Amino acid sequence: MKKCIYCGAENPDSNTHCVSCQRPITTTRLTGSMGNNPYPPQNIPEPPQQSPQRNPAPSPDDDNFLYCPHCGTLNERSAAYCSKCGTRLAVRSKRRWLYALLAVCLLLVIAAGVLLALKFSGAEEPSSPEILEASAAVPEAEPSATEPDATEPDTTEPDATEPNATEPDATEPDATEPDTAETPAVEPPITVIAATEPDATEPMLTAPKKEPDPAVMPYSTISAGAYHSVFLRPDGTVGSAGESSNHRRDVSGWTDIVSVSASTHTVGLRSDGTVLATGLNDYGQCNVDGWRNVIGIATGPDHTVALFDDRTVAAVGRTDQGRCDVDGWTDIIWIAAGEKNTYGLKSNGTVVAAGGNASGQKDVDSWTNITQISAGYSHVVGLRKDGTVIAAGSNGYGQCDVDDWYDIIAISAGHTFTLGLRSDGTVVSTGDNTYGQRSFGGLRDIAEISAGQSHSLIRYTDGSLYTVGKKVYGP
């Protein structure tokens, strides 16, 4: 007979499993599988002679006792090892799920606290629109006017009245010179505002913040000078491009500007009616500090003209040939300045003129129904109410051949050429095209034009700027 080491029942020698507990019959007693067993097999007392009743499987309600998972012996709950087989007892409780739930809740509370601490410990981002706008509106520094333009080695101001070997268009040819003298150049590519020009990367996107009196000349947001260009930004500051000699581009500190005008110097009109000027001042053309209540400005190479809110006119600068004799003018709504002349448009559509008349540029007494005027080197152009154009003065390059123009809404007279803006946003032109300053073929959606000496500046309806002609003078 063999005795079962688990329940102590007697079994025949041929049996491999106990007839009482149905467990395999072995010759050695099994030990616990976890931890040190304080009950070695040799120290376990022999079971009683009578086979004990095997306990039923543990019940969820038996919280005061623990059953050995190996032999099924009932043990006190405080016991760590089975009193019979020495197997380590695992603590079972029906409340363990409650402890697990409490642990999960505790972890969630800790995580929420950490997130709140991280949220309120960091510095808050500035959210005020005013702060954001202030940080974005800091203008970049304007290039120093004392350093000559790298693309223009000539830093001296050529006299527009004297021949210049480097500027063939600076002198007026003989009126008898045939039109065949013009040598059209191949149309150059359109120049977009250069990214390397700090003050040319912000094109004019909107109209100035203060609108002028609709009965008088409008504000100018762009102006092509003799050797440079200026343009008005939406925030009232001024950008420039081109040659920087004689401080003509020292406009980086200008603010609250509503209109600009350029020739050999630069003039800006502020919204409070005062005027700023910089550039060549050999004839006092920049002495505008005392002007007040100004509503319009115009510049010639050697003089500056202002239109006041009482529709009178003043001029400073070179006075020979009477170009600044405008003190008695009244009822003026538009002004223009040429090389040696000043023009004023009256509210009745007639034009008055002061200055020289060597080429007939003052022969405007018969003009009527005029709504705009513009002056070049020695010619003047007028826009009529019906959209046609009239011109007087030198015509050596054909700059006065405007008789067949129609549907024109704006005009601009350059040194020896003339531009006209049509209502469909295209440009017509006549006169000198040596540098491609009239190469507007295919360009559309143009809102504003300005003719200089050897280049033209354009503002499109979307606010972007382009230069045609001698592009080193424009953005």
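These are my notebook entries on what I looked up in this predicted model.

**Entry 1. Confidence and overall make-up**

I began with the confidence values. The mean pLDDT of the chain is 78, and 70% of the residues reach 70 or more.

Next I looked up the secondary structure and found two helices and 26 strands in the chain. The chain has 475 residues, and buried residues make up 49% of them. I also checked how far contacts reach along the sequence. Of the contacts between residues at least 6 apart, 46% join residues at least 24 apart.

**Entry 2. The largest nonpolar core**

Which residues have the most contacts inside the largest nonpolar core? I found Val-313, Ile-335, Trp-367 and Ile-373, in a core of 29 residues. I then listed the strands that each supply at least two residues of this core: β12, β13, β14 (313–317), β15 (332–337), β16 (341–346), β17 (351–355), β18 (370–375) and β20 (389–393). The largest share comes from β15, with six residues. As background, I noted that nonpolar side chains tend to be buried together in soluble globular proteins.

I took Val-313 for a closer look and left out residues up to four places away in sequence.

**Entry 3. Aromatic pairs**

How many aromatic pairs are there? I count three, and I wrote up two of them, Tyr-227 with Tyr-473 and Trp-291 with Phe-308.

Tyr-227 and Tyr-473 are edge-to-face, at 5.7 Å centre to centre and with 85 degrees between the planes. Tyr-227 is in the loop between β6 (222–224) and β7 (228–232), and Tyr-473 is in the segment after β26 (465–469), so the pair ties together parts that are 246 residues apart in sequence. I checked both for burial against the cut-off of under 20% relative accessible area. Tyr-227 counts as buried because its relative accessibility is 3%. Tyr-473 counts as buried at 1%.

Trp-291 and Phe-308 also form an edge-to-face pair, at 6.4 Å centre to centre and with 80 degrees between the planes. Trp-291 is in the loop between β11 (275–279) and β12 (294–299), while Phe-308 is in strand β13 (residues 303–308). The two residues are 17 apart, and the pair links distant parts of the chain. Trp-291 is buried at 10% relative accessibility, and Phe-308 is buried at 13%.

**Entry 4. A charge over a ring**

I looked for charged ends placed over aromatic rings. The charged end of Arg-422 sits over the ring of Tyr-406, 4.4 Å from the ring centre.

**Entry 5. Cysteines**

How many disulfides are there? The count is zero. Cys-286 is buried at 10% relative accessibility, and Cys-324 is buried at 8%.

**Entry 6. Positive phi values**

Most residues other than glycine have a negative phi, so I looked up exceptions.

Asn-246 has a positive phi of about 60 degrees although it is not a glycine. Asn-246 is in the loop between β8 (238–242) and β9 (257–262).

I located Asp-407 in the loop between β20 and β21 (408–413). Asp-407 is partly exposed, with a relative accessible area of 36%.

**Entry 7. Asp-386**

Is Asp-386 buried or exposed? Asp-386 counts as exposed because its relative accessibility is 57%, and the cut-off for exposed is over 50%. Asp-386 lies in the loop between β19 (379–384) and β20. I also noted its distance to Asn-369: the two are 17 residues apart in sequence and 8.5 Å apart in space, C-alpha to C-alpha.

Definitions and conventions. Residues numbered from 1 in each chain as written. Heavy atoms only, no water. Phe/Tyr/Trp six-rings, centres within 6.5 Å; stacked < 30°, edge-to-face > 60°. Helix = DSSP H or I, 4+ residues; strand = E, 2+ residues; numbered from the N terminus. Buried < 20%, exposed > 50% of the residue type's maximum accessible area, 1.4 Å probe, protein only. Lys NZ or Arg CZ within 6 Å of the ring centre and 35° of its normal. Core = buried A, V, L, I, M, F, W, Y, C linked by side-chain atoms within 4.5 Å. Contact = heavy atoms within 4.5 Å. pLDDT = per-residue confidence, 0-100. Disulfide = S-S within 2.5 Å.
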